[in-house]
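The following exercises are meant to be worked through with the sequence and the model in view. Each task is followed by a solution in steps.

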Amino acid sequence: MKITEAMAQVLPNSKSLLNDPAFVQAFLSVAAFPNDPELAWYFKLEEVVRHLDDIQASDYVEQLRLNPGMAEMISQRYLGPQYKLEDLEKDCAPGTLGYAYYHHMTENGILAYDYSAYDSPDDLTYVKIRKMQTHDIWHVVTGYKAELFGELALQGFCHGQGPTVYQTLLMTALVLHFATIQTKSLGLALEALFEGWQRGRAAHPLWAVRWEEMWHRPLDSIQAEYNILPGHVLKRDRLSNEQIPSLRV
């Protein structure tokens, strides 16, 4: 049987996301417009895969709870002490996590939201909120910038720590972008993704880390403690300005 005939028989009778026009539109739109400042298609993609993501994420939460530190954070709904970015600038010395985080946020025009205002009625919702809250801290500790290559590498790192459906599809959509639009940069994109994945697998589990209590610690000592290995692929001297499209996710 020809492959096209097989697909014609299988896809219409399956529950594959490929049969969902909303998914196809959102997935391809992220691939086509990854630098959308409103992130509209990112949110749409997350929405259409939520039912699958929640099933997988529920299992992942149970795995997280096996870590005593994470189990405690989940039960406490830990979101860290409140802080202001300007206080990190004043209080944290150069080379510390807080100093690096302040510059990451301000130089990329990213707001520091008050996540305590979010409701987390169940463990899964809390874990999702905590992931959003710490996303830019992970950018800082991995050294991956808030740009398209850096986001792809960070998604690879997160996949190495434990994948979710949305994160895997987002990673795939960004690869498709390079495979079809920025084709000259596809090799570098794949290198960044693979390096991130390797570093994520090598690092100690990071979800239970109370980052907000370590603002004053040297960033390099934190990286050493959690075995966050140095990244090399996206060193800025390898890239021209034209090769570094910005991305705020």
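## Exercise 1: Helices H7 and H8

In this predicted model, helix H7 (residues 97-107) and helix H8 (residues 123-142) pack with their axes 10 Å apart, at an angle of about 115 degrees. Task: determine how H7 is oriented relative to H8, and describe the residues that form their contact.

Solution. 

Step 1. Angles of 65 to 115 degrees count as roughly perpendicular. H7 is therefore roughly perpendicular to H8.

Step 2. On the side of H7, the contact is made by Leu97, Ala100, Tyr101, His104 and Met105. These residues meet Asp136, Ile137, His139, Val140 and Val141 in H8.

Step 3. Sorted by class, the contact of H7 with H8 comprises seven nonpolar, two polar and one charged residues.

## Exercise 2: Helices H3 and H10

Task: state which orientation H3 and H10 have to each other, and classify the residues of their contact.

Solution. 

Step 1. The axes of helix H3 (residues 40-48) and helix H10 (residues 165-180) come within 10 Å, and they cross at roughly 135 degrees.

Step 2. Roughly perpendicular pairs span 65 to 115 degrees, and roughly antiparallel ones lie over 145. H3 and H10 are therefore oblique to each other.

Step 3. The crossing in which H3 passes H10 is right-handed.

Step 4. From H3, the residues Tyr42, Leu45 and Glu46 meet Tyr166, Leu170 and Leu174 of H10. The residues of this contact between H3 and H10 divide into five nonpolar, no polar and one charged.

## Exercise 3: The surroundings of Glu212

Task: is Glu212 buried or exposed, and which residues is it in contact with, leaving aside neighbours within four places in sequence?

Solution. 

Step 1. Glu212 is located in the loop between helix H11 (186-202) and H12.

Step 2. Its relative accessible area is 5%, so Glu212 is buried.

Step 3. With neighbours within four places in sequence left aside, Glu212 is in contact with Tyr78, Leu79, Gly80, Pro81, Tyr83, Arg130, Gln133, Thr134 and Ile137. One of these residues, Ile137, is also among the H8 residues that meet H7.

## Exercise 4: The protein as a whole

Task: how many helices and strands are there in the protein, and what share of its residues is buried?

Solution. 

Step 1. The protein has twelve helices and zero strands.

Step 2. Of the 249 residues in the protein, 44% are buried.

Step 3. Among contacts with a separation of 6 or more, 72% are between residues 24 or more positions apart.

Step 4. The protein exposes about 13,200 Å², of which carbon and sulfur atoms supply 56%.

How values were computed:
Residues are numbered from 1 along each chain as its sequence is written. This is a predicted model: local features need pLDDT of at least 70, side-chain atom pairs count only at pLDDT 80 or more; totals for chains, interfaces and linings use all residues. Side-chain values use heavy atoms; hydrogens and water are left out. Axes are lines fitted to C-alpha atoms, for helices over the stretch in contact, and angles run from 0 to 180 degrees between N-to-C directions. Helices (H or I, at least four residues) and strands (E, at least two) are DSSP runs, numbered from the N terminus. Angles under 35 degrees count as roughly parallel, over 145 as roughly antiparallel, 65 to 115 as roughly perpendicular and the rest as oblique. A crossing is left-handed if the near helix is turned anticlockwise from the far one by less than a right angle, and right-handed if clockwise. Contact means heavy atoms within 4.5 Å. Ala, Val, Leu, Ile, Met, Phe, Trp, Tyr, Cys and Pro count as nonpolar, Asp, Glu, Lys and Arg as charged, and the others, Gly among them, as polar. Buried means under 20% relative accessible area, exposed over 50%, partly exposed in between (1.4 Å probe, protein chains only). Accessible areas come from the Shrake-Rupley method with a 1.4 Å probe; for residues, only the protein chains shown count as cover.
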